[in-house]
Amino acid sequence: MTSVPEPSRLEGAGSAPRRRNGRQQACEPCRKRKVACDHQLPVCSRCRRGNITDSCIYIIDQQPQKRLQFTPPASPSPRLATQPRTELPRDFSLQPDNNVGYLGATSFSAVFQDTQTVLPQSGRTPEQAEDLQFALFEEHPSSRSLSILRSIPDRATCSVLFKLHVNPVDGWCRLAAQILNESLWITFGDVLDGTRTQANLTTMARILCRNSSIPLQEEHTDPIMWLRSFSGQKMRWESLGLLFCYWALGTKSLPENAELRETQQLRDTDRRRLLNKYTLCAGMCVDICKNGSTANSMLAILLYRYGIIQSIISGDASIQVWRIHGELAALTSFLGLHVTPPSMINDHSISSEMKRRLYSMIFKSDKVVATFTGRPPLIGSRFATTPLPLDVSDEELLNSDGNSLANSPNVDEHGWNNRGKIFPGTMMRAKMILTLIKEQILEIALQITPSSDTHQVLNDLRRRELEALDQFPKVLIYRDTDINDPDTDGPTLYSRVMIRLDHLQNMFFIERLLSKGSSMLGPEIIDISFEMISLTLIFWTHQDKLFGVSGDSEWLLLCYAAPAAGILCMELLRGRGSAAATPGRRDSSTNPPITRSRLIQQLSLLVGFLDWVGPMAPNTESCSSVKKAVRHVLDQALNAGAPQVTAPMDWVGDFGVGFSGDMNDFFNFELLHTFDWLRPDGQ
């Protein structure tokens with residue numbers, strides 16, 4: 001007689017029972033709904049939140065099932081052994097139905113969620129669903145998969161490239177990425193060291209496919225379990241693609257002189273070729289995951305970083321970059337990264353904090369894209385409830401559970417760290433706060449029919465922007481003395497300058513919109529523009545101090561300096577820059593008045609910075625156009641005494657914008673859309 005599965009509440013057990021494949025059994029409500037279960041006893045977190053504790057039982061099925069033995073090619077590594085899998089019918093025409101993503105309050109399933117636990121069980125078992133998903137991967141890995149594995153740098157080069165890429169705004173968790181980098185060699189070192197044979201690489205590719213076919217557990221309270229879910233023996237294609245992104249970004253900081261590079265592999269290969277190679281591999285990992293894997297947050301962070309690298313290679317206005325961003329925005333809403341249930345607002349587990357970090361950077365990137373293209377943003381805060389990430393270090397994040405992190409003595413009541421340091425979480429919180437204000441600025445700038453209270457709203461946004469900056473920790477505030485202060489290191493200087501530039505950019509938009517349609521430039525926007533150029537020039541004049549963290553020069557120039565240069569050029573051509581001081585400007589010894597000579601000096605330095613951008617840079621044509629425009633303005637101001645401009649000037653045709661007697665027709669708000677805005681963090 002066939003045995004009947006026996007339900008159990010398992011109150012006295014130490015852990016949930018395990019299935020024959022070694023994985024823990026999900027409780028019945030989670031198993032029937034095909035959602036992730038955290039296996040907590042006596043009641044899992046999902047059932048506790050749903051107030052269905054009586055239904056949270058574990059059924060142990062003792063009925064034997066037929067197995068299909070899978071024997072991999074011979075390998076010298078016992079770590080590469082694969083597990084036997086359940087035999088399935090050969091009809092794989094249907095996609096697995098357990099990857100439906102986030103479903104909101106109006107979705108087809110919302111009405112049934114409270115009653116779904118009593119619905120009949122699906123005919124497909126969880127093991128069969130995983131096997132069906134695995135069938136979407138190639139049973140015999142193709143040359144593409146093997147090519148990716150052959151392109152992995154050697155052990156020493158992996159370490160060097162990872163260390164070379166230093167970004168104070170990592171957008172994820174750099175320490176976790178470092179552990180992931182090390183786990184690759186701990187697990188697969190005997191395959192990747194020395195000669196990489198076809199048999200061993202094929203086995204490794206199958207293991208990555210098998211791991212990627214299993215839905216990633218997204219709800220963890222233990223940082224160690226979170227790390228183990230995508231590293232080591234559970235390494236996935238998403239994980240490997242993310243590592244390729246870190247290696248690709250590391251090539252940007254390699255010395256020009258090949259003899260100064262640390263490994264032989266780096267000395268023997270052109271830097272640009274390495275960047276292209278690793279970017280290609282990251283893209284192939286993305287394609288593999290999209291075709292066969294289930295959607296998860298690892299794929300989201302991979303897409304985010306892949307988009308940054310692609311913009312470095314093909315330029316921010318390329319179709320490749322726009323497509324990647326569109327996919328990232330779609331995946332963000334599919335995963336529900338924008339939504340946090342009310343019961344989870346105060347949850348600060350590793351999974352919740354990583355979700356908040358990731359969402360804040362994707363949201364920031366979306367607004368940068370919208371600013372550049374002049375198109376409506378793809379993600380809106382109006383539909384989002386995800387709170388800001390906590391301002392904690394990566395070390396504290398990976399060594400704390402949710403409760404200890406929420407009650408950490410290192411975090412104040414506002415969520416900022418009280419240690420006087422700048423962590424990635426510090427930057428992400430600050431940038432998210434500024435971006436939320438920028439979103440409202442964009443709503444005004446991109447609206448078709450201006451509302452009657454636009455000026456009132458803009459004045460309110462200006463007040464909020466200044467209040468937000470006042471509430472930032474003092475460690476984030478830039479001071480003029482930071483440049484020559486030996487106690488201010490490169491990452492700290494970079495962080496302060498970037499926060500200041502983002503603030504000034506918001507103020508620039510607000511003042512520009514307030515003066516739209518006016519032929520006069522207010523003293524505020526001249527002040528803001530002058531400071532934006534001054535701060536951008538730091539990345540050229542203090543390269544040694546900012547080495548490794550300064551990002552792409554052409555992006556910084558086009559994002560911040562070019563629009564500000566347009567304002568200063570207008571001031572010169574109108575002949576108003578010769579006054580002893582700009583009316584309304586702060587007047588102090590540290591901030592002398594903006595005179596005509598200072599405008600010319602500043603614009604001349606900007607031309608030098610623009611001229612320094614190499615011819616192989618992806619945005620070199622845009623930089624060249626800006627440089628040509630500024631040079632013509634300087635020639636006009638110096639040679640002709642800056643007369644009032646009343647005739648068209650042919651040289652501005654390089655921008656594709658008409659130039660008439662009204663200077664606002666040239667340096668207007670629409671000019672900003674011709675510049676490179678995509679990379680949000682100067683990477």
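Analyst: Start with a rule: helices are DSSP runs of at least four residues, and strands are DSSP runs of at least two. The model is predicted. By that count, the protein chain has 23 helices and four strands. Over residues 26-58, the chain is 33% helix and 3% strand. The end C-alpha atoms of that stretch are 7 Å apart.

User: What feature does UniProt place at residues 26-58?

Analyst: An unreviewed UniProt entry places "domain: Zn(2)-C6 fungal-type" there. Such annotations may be inferred rather than shown by experiment.

User: Why is Asp-502 called buried?

Analyst: Buried means under 20% relative accessible area. Asp-502 has 2% relative accessibility, so Asp-502 counts as buried. Asp-502 is found in helix H19, residues 490-514. Across the protein chain of 683 residues, 54% count as buried.

User: What makes the link from the side chain of Asp-502 to the side chain of Lys-431 a polar contact?

Analyst: The cut-off for a pair of N or O atoms is 3.5 Å, and one must be able to donate a hydrogen and the other to accept it. The two side chains make their polar contact at 2.6 Å. That distance is within the cut-off, so the label holds. Leaving aside neighbours within four places in sequence, Asp-502 is also in contact with Lys-364, Leu-434 and Tyr-560.

User: Which residues touch the most other members of the largest nonpolar core?

Analyst: Ile-152, Trp-172, Leu-184 and Trp-237 do, in a core of 159 residues. Helix H21, residues 553-573, gives the largest share of this core, 16 residues. Another core, of 11 residues, lies apart from it, and includes Ala-26, Cys-37, Cys-44 and Cys-56. Back in the largest core, take Trp-172. Beyond four places in sequence, Trp-172 is in contact with residues including Trp-226, Phe-230, Met-298 and Met-428.

User: Where does Gln-217 lie, and what does Gln-217 touch?

Analyst: Gln-217 lies in the loop between helix H7 (198-213) and helix H8 (223-228). Residues up to four places away aside, Gln-217 touches Ala-36, Cys-37, Asp-38 and Ser-229. The side chain of Gln-217 reaches the backbone oxygen of Cys-37 at 2.9 Å.

User: How do you know that the reach of helix H22 is close to the expected one?

Analyst: The expected span is 1.5 Å times one less than the number of residues. H22 (residues 596-612) has 17 residues, so 24 Å is expected. H22 reaches 25 Å from its first C-alpha to its last, close to that value. Its buried residues include Arg-596, Leu-599, Leu-603 and Phe-609. Their cover includes helix H20 (523-541), H21 and helix H23 (620-639).

User: What does helix H13 reach, and which residues in H13 are buried?

Analyst: H13 (residues 319-335) also has 17 residues, and reaches 24 Å, close to the 24 Å expected. Among the buried residues are Val-321, Trp-322, His-325 and Thr-332. Their cover includes helix H12 (297-314) and helix H14 (350-373). Just after H13, Gly-336 takes a positive phi of about 75°.

Methods
Residues numbered from 1 in each chain as written. Predicted model: local features only at pLDDT ≥ 70, side-chain atom pairs only at ≥ 80, totals over all residues. Heavy atoms only, no water. Core = buried A, V, L, I, M, F, W, Y, C linked by side-chain atoms within 4.5 Å. Buried < 20%, exposed > 50% of the residue type's maximum accessible area, 1.4 Å probe, protein only. Contact = heavy atoms within 4.5 Å.
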